[in-house]
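I opened this model to look up a few points and note them as I went. The entries follow in the order of looking.

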2 protein chains.
Amino acid sequence: MANRKPVPAKQVARILDVAALAGVSVGTASKALNNTGQLSPATRERVRRAADQLGFTPDTRGRALQSGRTYTVALLTTDSSGRFSNPIMRGVEDVLSAGELATILCDTRDDPLREQHYLRSLVARRVDGIVVTGRRTEPRPPIDVPLPVVYALAASTDRADTSVIVDEQQGAASVVDHLRGLGRTRIAHVTGPVHHRSAAERASGVVDHAGTLFAAGEVLFGDWSEQWGRQATDQLLRSHPDLDAITCGSDQIARGVCDRLRELGRSVPTDIAVTGYDNWPVMTQASRPPLTSVDLQLEELGRQSAQLLLDAIAGTRRYGTLELPTRLVPRESTLGT
Amino acid sequence: MANRKPVPAKQVARILDVAALAGVSVGTASKALNNTGQLSPATRERVRRAADQLGFTPDTRGRALQSGRTYTVALLTTDSSGRFSNPIMRGVEDVLSAGELATILCDTRDDPLREQHYLRSLVARRVDGIVVTGRRTEPRPPIDVPLPVVYALAASTDRADTSVIVDEQQGAASVVDHLRGLGRTRIAHVTGPVHHRSAAERASGVVDHAGTLFAAGEVLFGDWSEQWGRQATDQLLRSHPDLDAITCGSDQIARGVCDRLRELGRSVPTDIAVTGYDNWPVMTQASRPPLTSVDLQLEELGRQSAQLLLDAIAGTRRYGTLELPTRLVPRESTLGT
DNA sequence: GGAAAAACCGCAAACGTTTTCCGTCCTGAC
DNA sequence: GTCAGGACGGAAAACGTTTGCGGTTTTTCC
């Protein structure tokens, strides 16, 4: 880590250089490379050769200025951990990179000042559109920019905005259906803080869909930790010793439940089946036994969001909220070995 | 999700509009807004007012074309999970967003074709520079672009390139020092695959630095799972029943070790102290007891990388590899309660 | 062989900035 | 009253591309 040298001034080829080498005008060169206008096949080929020879790549800055589009979109997220925004980002990129769009990542860290800063910067850059996402599913106030926007995972509070979210009720229902199919008839539910929208929705989904199969009196709200899963297990077994299934609002809670049941000598799933939620591999795989869980299909959510954003950019905007289905992933914690 | 309306044609103000409103030429307007040239305070103020009134934000496209810089850099990563690249990204953003630079995220998913695709796109965009990172620490082949590049976490195989990596040896040594300070004298090490560079480096760091305190005969290589941690614990207790500390190459392994020790009725840390590595909160916090671990300081690594990239862009490039220190985070698994 | 039509290609404007250079006006000194 | 110099602001080029229009050449047809 010592010596310093000046960076050599790299000269990249411009279309002017290509045109000169091919012996044509820049306009002609442009047409040749973009397969537009009417040119003889011979000149087209000659220009292409020249471009190859010089390693020419058209400067998107010029193109952006001319076309009015930057072929850039931004992902604005509050989820620093990336637990949720990473899969969404992958889905978004999937769709966008096919269309030669690039994605700028802006992590607001839940700081309104940072958010404002980023928005100004993005508007200055004339990005083609913005995908807004978060780590929680509570609806959020819309952002105020003269650009197409799609809200992913957390809907906009303005119902007229375009939002794509997860159908939590359906996810919870699929868990209940799964357990019913396995003959379970006395179901409980343990989840996170009552004021978390996802906790509340998953809980009501389970309770509503289970009907008389819900045998635990009430849902146990706590936090998203394994610790709480263990504690809740004790509570449940004391108040309702005859349970044969415990559904959880997250994989962490479910893992705590499994751990505690094992410590108490109760077999999962023979005595009691356990289900998680989120399908977080690091939890579902490491749990003993591995957890049946609900996959949020966030990559698909990202893809859909990106597609809607592209539509909005193209001028055909869809208004309102789109709810996407989840996918149940059965594992040993309900199926056994 | 039904009706479709055409998006109204949003007209954003150009500097021409500002100039017209202020009654000056565009050149003058530019100077007024950028505090350059020599203008009377009165005109300067008049132009500013006009800009405010129109909500004018200068179009970075024009600026980029004129200045030769795009004020955009890319983070090229192979780490889809984001486990490592997320903190690095945060650090990078920290430094870059202060300079009004934006960060494009490119996830290659370990696919050389995708990587090529992204590189072409980035060169076409004339980004100012690229930070290359990965989820593993093995040195990687350099990328071939006419741009400043900094390699973060995984160094370039070309030693003349600029790389910023973690000093794994130092991290391992700090664990040993910690245990020695607590009076532990019979230390073992359990880690991941032998052909993983980070596993090998951490292992040799522990062995070399522990000297005669290393009492386990040899390092146990396996995989990065809790399962392996549990299994290795059995092996170790059989072969070396008198151990008083087990150091692990990852937090997952360490958690497995703790779980198994508890199942066997051995107290952590009274009987045996346990340490992890990576300081992954979801593991260190959830483990019983919480894990003493080594923090990789990835955010700092991101900041340093970004700073070196800025230097390179400015023309003062530093060649070679910079190794950053880690930070030991003591918790109950060595300290007790 | 001539005219009409088609094929081909160049010119110049346009996108939105910044910056250099130059002209005009004013001030003040002699 | 003239001139030098400074203060101020405008005109135009430059960045790199795309595209509409018009001009020139070639082909086609009678």
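I count two strands as paired if DSSP finds at least two bridges between them. The model is predicted, and I read every entry below with that in mind.

Entry on the sheet. I looked for strand pairing in chain A and found 4 strands in an open sheet, in the order S8-S7-S9-S10, with parallel pairing. Strand S8 (220-221) and strand S10 (273-275) of chain A are at the edges with a single partner strand each, so one side of each has no neighbour in the sheet. I then checked strand S9 (residues 245-248) of chain A against S10(A): they pair in the parallel sense over 3 bridges. A:Ala245 is opposite A:Ala273 in S10(A).

Entry on the helix over the sheet. Which strands does helix H9 (residues 226-239) of chain A lie across? I found strand S7 (187-191), S8 and S9 of chain A under H9(A), which runs at about 150 degrees to S7(A).

Entry on a helix pair. I looked up H1(A) and helix H3 (residues 41-54) of chain A, whose axes come within 8 Å and cross at roughly 125 degrees. Angles over 145 degrees count as roughly antiparallel and 65 to 115 as roughly perpendicular; H1(A) and H3(A) are therefore oblique to each other. I noted the crossing as right-handed. From H1(A), A:Asp17, A:Val18, A:Leu21 and A:Ala22 meet residues of H3(A), including A:Arg46, A:Val47 and A:Leu54. By class I have 7 nonpolar, 1 polar and 2 charged residues in this contact.

Entry on the DNA. How many residues surround DNA strand D? I have 27, and the closest are A:Ile15, A:Gly27, A:Asp59, A:Gly62 and B:Gly27. Both chains supply helices to this surface: H1 (15-22), H2 (26-34) and H4 (60-67) of chain A, with H2 (26-34) and H4 (60-67) of chain B, each give at least two residues. H2(A) gives the most, with 5 residues. I sorted the surface near DNA strand D into 9 nonpolar, 14 polar and 4 charged residues.

Entry on the chain contact. I have 49 residues from chain A and 50 residues from chain B in the contact. On the side of chain A that touches chain B, the elements giving two or more residues include strand S1 (4-6), H4, helix H5 (85-98) and helix H6 (112-125) of chain A. Strand S12 (316-318) and strand S13 (320-324) of chain A are also among them. The residues of that side divide into 21 nonpolar, 13 polar and 15 charged.

Technical notes
Residues numbered from 1 in each chain as written. Chains lettered and ligands numbered in written order. Predicted model: local features only at pLDDT ≥ 70, side-chain atom pairs only at ≥ 80, totals over all residues. Near = placed C-beta within 6 Å. Nonpolar A, V, L, I, M, F, W, Y, C, P; charged D, E, K, R; others polar. Contact = placed C-beta atoms within 7 Å. Axes fitted to C-alpha atoms, helices over the stretch in contact; angles between N-to-C directions. Parallel < 35°, antiparallel > 145°, perpendicular 65-115°, else oblique. Left-handed = near helix turned anticlockwise from the far one by under 90°.
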